[in-house]
Amino acid sequence: MKPVSELLKPREGTLWQLRREDSVYTALELLARFDVGALMVMEGGRLVGVFSERDYTRKIALQGRGSKDTTVGEIMTTNVITVTPSTRTHACMSLMRDMRIRHLPVVDGDTVLGMISIRDLMELIIAEHETTISHLENYIRS
């Protein structure tokens, strides 16, 4: 399995983010625009939380709160689990499974490099399996 840095290469420099003071409604608009399930919450260039669809459904929709008058900072996940660029993708899968999360910010020291999702990992695994199958088929035919 590859290091996480390989997953970030195609979108290097892309940091979709929010601020604590942004409304949840604004966050939902950004999730829809970028077609993602979570965004990093940044303050002064540092990661302070993650806002996800799960945060919205559990802390706004189910509690009858309003998305336009609630800030991201009020409901974001603050106990953020992160990985480094050298973390292997298999370790990320295990971490996501064990912690029941779908997104992992990637940090190098204090520098936020991006975020990977369970979808990113699944696409990688499928591509690796297809390559293995192709090699095995070619081996059998030869």
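User: Which helix is Ile126 found in?
Analyst: In this predicted model, Ile126 belongs to helix α6, residues 118–141. Helices are DSSP runs of H or I with at least four residues and strands are runs of E with at least two, numbered from the N terminus.

User: Is Ile126 buried, partly exposed or exposed?
Analyst: Ile126 counts as partly exposed because its relative accessibility is 46%. Buried means under 20% relative accessible area and exposed over 50%, with partly exposed in between (1.4 Å probe, protein chains only).

User: Which residues make the nonpolar surface patch?
Analyst: Ile118, Met122 and Ile126 make a nonpolar patch of about 230 Å². Areas come from the Shrake-Rupley method with a 1.4 Å probe.

User: Now the whole chain: how many helices and strands?
Analyst: The protein chain has six helices and five strands, in the order α-β-α-β-β-α-α-α-β-β-α from the N terminus.

User: What box do the C-alpha atoms fill, and how much of the chain is buried?
Analyst: Along the principal axes, the box is roughly 65 × 35 × 30 Å. Of the 142 residues, 35% are buried.

User: Which conventions apply?
Analyst: Residues are numbered from 1 along each chain as its sequence is written, and side-chain values use heavy atoms, without hydrogens and water. Local features need pLDDT of at least 70 and side-chain atom pairs count only at pLDDT 80 or more, whereas totals for chains, interfaces and linings use all residues.

Notes. Patches are made of residues with over 30% relative accessible area and no salt bridge: like charges are joined within 9 Å, nonpolar side chains (Val, Leu, Ile, Met, Phe, Trp, Tyr) within 5 Å. A salt bridge is a side-chain nitrogen of Lys or Arg within 4 Å of a carboxyl oxygen of Asp or Glu.
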